[in-house]
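We'll go chain by chain, with a stop where the two meet.

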Amino acid sequence: MPAGTEAAFSMRGNLLRRNLLTALLLAPATLWLVVFLVLPFVAIAIFSVGERAPEGGYQAALTFAQYANLPARATAFWNTMVLAPAGALACLLVAYPVAYYLALRAPQRWRLILLALIVIPFWTSLLMRTYAWMYILGGRGIPALLAYVGIEDLRLINTSGAVLLGIVYGYLPLMILPIYVSLERLDRRLLEASADLGATPVSTFLGVTLRLSLPGVMTGFSLVMILLLGEYLIPTLLGGGKVFFIGNALVDLFLQSRNWPFGSAIAITLVAVSVVVLIVANRISTRLSGARRVDLI
Amino acid sequence: MRAFVVAVFGFLYLPIALVVLFSFNAGHHASEFTGFSVQWYGKALSNPFLVEALKNSLFIATTSALLAAFCGTAAALGLQRVGAPARAVFDALLGAAIVVPGVVIGISTLVALVQLFVVVNPFLASLWPTDQPPRLALGYGSIIAAHGLFSMALVTMIVGTRLSSLDRNLVEASSDLYATPLTTFRSIVLPQIMPAVIAGFLLAFTFSFDDFIIAFFVAGAQTTLPIYVFASIRRGVTPEINAIATIVLAASVLLVLLAQWQLGRRKPSP
């Protein structure tokens with residue numbers, strides 16, 4: 001056998017071994033993604049065109065009746081579609097000055113510590129943090145204190161205001177981070193140039209700082225908005241039975257009234273809305289500037 | 001602006017501080033602090049249901065985080081070796097695993113698993129020689145798998161970021177010096193990505209330990225700590241919950257600090 005063929009054989013053997021190793025490395029994650037992400041999604045897609053079995057659960061069918069029935073849960077959709085953007089906007093208004101201070105004004109040696117203090121609450125239990133507000137807004141919290149000074153019968157908990165507050169509290173870190181990242185990367189010389197060219201601080205802020213941080217703003221806004229679309233804990237704990245979201249409708253349909261096909265149709269709609277939000281946000285950000293990646297931790 | 005930032009930090013931390021403070025309250029009421037006491041901690045830790053839920057949560061969080069750290073790291077390494085199209089598909093799936101709302105992950109996993117069990121259980125029963133065939137059901141396994149999905153995606157992204165900033169020259173130098181690929185991996189690559197792997201593990205643990213909504217759907221007959229706490233909150237606020245919330249918050253803060261410290265280690269100085 002000529003030497004060249006032998007070398008080719010061994011090279012092919014190496015290539016095979018290389019591919020085998022790559023496949024082995026990727027196999028567990030692929031299996032996981034397929035079995036617990038792709039297949040479940042296909043399952044609810046199939047369920048959403050099915051019918052509810054008489055005793056609850058699913059019965060095979062091909063109908064769009066579930067989708068046609070979506071208006072039956074219009075209140076949940078309405079609440080979510082109003083309070084999710086409103087909550088994201090409220091978050092943004094609180095988050096921007098904080099991110100601005102951290103990125104451009106805070107003393108260098110404090111910056112990372114302050115940033116860590118912002119991130120830590122995000123990784124602690126949302127349930128426990130929301131519970132803290134139940135405590136504060138509940139009958140024995142602020143209303144009890146206000147009663148001392150003569151303001152009686154003020155109800156704070158179980159209102160949309162309470163839900164909005166809980167949203168800002170829960171998602172503030174997620175909004176601050178991307179804005180901080182985009183402000184931190186801002187070229188300071190641009191600010192000096194703007195001032196040197198006679199721009200007032202306000203027009204420098206509007207024309208340079210705000211403009212260049214808009215991709216971060218968009219990232220934060222879309223992230224918070226998407227997570228809010230699927231929120232369940234905050235409306236349940238701070239909104240009582242009165243302010244309910246799509247998440248509450250899903251819990252009801254899957255765990256209580258067991259109308260799985262209808263629930264699946266709502267879930268698919270929820271995912272579709274999230275995808276639209278993501279695409280729109282992405283379009284806007286890429287138009288504003290090049291894509292930027294943001295670390296959540 | 002400084003005053004505003006201080007106020008925001010107060011807003012972030014005061015409610016937590018209040019829960020911690022009242023977990024040491026001797027009295028029963030939220031509106032007045034009547035003295036220092038650890039009685040609620042004693043009450044919480046002698047509640048068998050709560051302890052059971054805590055043990056379940058610890059077991060589930062440890063297992064899912066270990067699996068996620070292992071499979072996520074392997075995937076991040078594997079992704080370095082495939083072409084752009086395969087990578088794009090994989091990245092899209094990982095992104096979906098992170099971005100799809102927990103409530104949707106929960107219900108879709110519930111639907112898929114229940115449907116799977118309907119098919120598999122009679123099949124198992126027909127194969128089984130005795131009268132008591134094993135029955136697949138929702139429980140530890142389904143919570144671990146559903147939590148692991150998010151965590152694995154998270155680990156893959158964190159480790160992937162670290163891998164992309166890895167100094168290739170070191171790897172080439174190592175193989176030029178006749179190190180086997182395994183030796184190169186063990187002595188060059190692994191030490192450099194280890195902080196990211198550990199950070200990923202800790203964040204995965206924290207995520208699983210804190211998650212309520214996914215577990216709520218796929219827990220079956222099992223109870224995790226957040227599910228137990230949620231149920232007791234629905235029954236009414238008690239100082240016992242303050243005590244358990246304080247323990248959970250302290251544990252999460254500790255883990256996140258550890259994760260941040262690990263991520264900050266050996267980062268090339270800018």
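Select chain B and look at how far along the sequence its contacts reach: of those joining residues at least 6 apart in sequence, 78% link residues at least 24 apart. Two residues are in contact here if their C-beta atoms, placed from the backbone, lie within 7 Å. Before going on, know that this is a predicted model, where local features need pLDDT of at least 70, side-chain atom pairs count only at pLDDT 80 or more, and totals for chains, interfaces and linings use all residues. Residues are numbered from 1 along each chain as its sequence is written, while chains are lettered from A and ligands numbered from 1 in the order in which they are written.

**Still on chain B**

Switch to cartoon view. The C-alpha atoms of chain B fill a box of roughly 70 × 70 × 30 Å along the principal axes. Of the 270 residues in chain B, 43% are buried. A residue is buried if 20 or more other C-beta atoms lie within 10 Å of its own, exposed if 12 or fewer, and partly exposed in between, with C-beta atoms placed from the backbone.

Now colour chain B by domain: domain 1 covers 1-37 and domain 2 covers 49-264. These bounds come from an automatic or database domain assignment. How far apart are the C-alpha centres of the two domains of chain B? They lie 32 Å apart. Where the domains touch, domain 1 of chain B gives eight residues and domain 2 of chain B gives seven residues. On the domain 1 side, five of these residues are nonpolar, three are polar and none is charged. In this scheme Ala, Val, Leu, Ile, Met, Phe, Trp, Tyr, Cys and Pro count as nonpolar, Asp, Glu, Lys and Arg as charged, and the others, Gly among them, as polar.

**Where the chains meet**

Show both chains. Here 65 residues of chain B are in contact with 59 residues of chain A. On chain B, the side touching chain A has 49 nonpolar, 13 polar and three charged residues.

**Over to chain A**

Chain A averages 87, and 93% of the residues score at least 70. Then select residues 291-297 of chain A: the pLDDT is below 50 there, and beyond near neighbours in sequence this stretch has 13 contacts in the model.

In cartoon view, chain A has twelve helices and two strands. Why call chain A more spread out than a compact globule? Because its radius of gyration is 26 Å, well over the 19 Å that the globule rule gives for 297 residues. That radius is taken over C-alpha atoms, and the rule is 2.2 Å times the number of residues to the power 0.38. The C-alpha box of chain A is roughly 100 × 75 × 30 Å along the principal axes.

Chain A also splits into domain 1 (3-44) and domain 2 (73-288). Their C-alpha centres are separated by 41 Å. As for burial, 43% of the 297 residues of chain A count as buried.

**Zoom in on helix α4 of chain A**

Select residues 108-123 of chain A. This is helix α4, with 16 residues and a reach of 24 Å from first C-alpha to last, close to the 22 Å expected at 1.5 Å a residue. The expected span is 1.5 Å times one less than the number of residues. Show side chains for its buried residues: A:Leu115, A:Ile118, A:Val119, A:Pro121 and A:Trp123. What covers them? Bring chain B back, and the cover includes α3 (74-105), α5 (126-137) and α7 (160-184) of chain A, together with α1 (2-23), α8 (181-210) and α11 (239-264) of chain B.

- A:Asn158 sits in the loop between α6 (142-148) and α7 of chain A. Its phi is near 65°, a positive value in a residue other than glycine. With 19 other C-beta atoms within 10 Å, A:Asn158 is partly exposed.
- A:Arg258 is in the loop between α11 (246-256) and α12 of chain A. A:Arg258 has a positive phi of about 50°, although it is not a glycine. It has 15 other C-beta atoms within 10 Å, so A:Arg258 is partly exposed.
- A:Val273 belongs to helix α12 (residues 260-288) of chain A. Draw a distance from its C-alpha to that of A:Ser257, 16 residues apart along the chain, and you get 24 Å.

Technical notes: pLDDT is the predictor's confidence in each residue, from 0 to 100. Helices (H or I, at least four residues) and strands (E, at least two) are DSSP runs, numbered from the N terminus.
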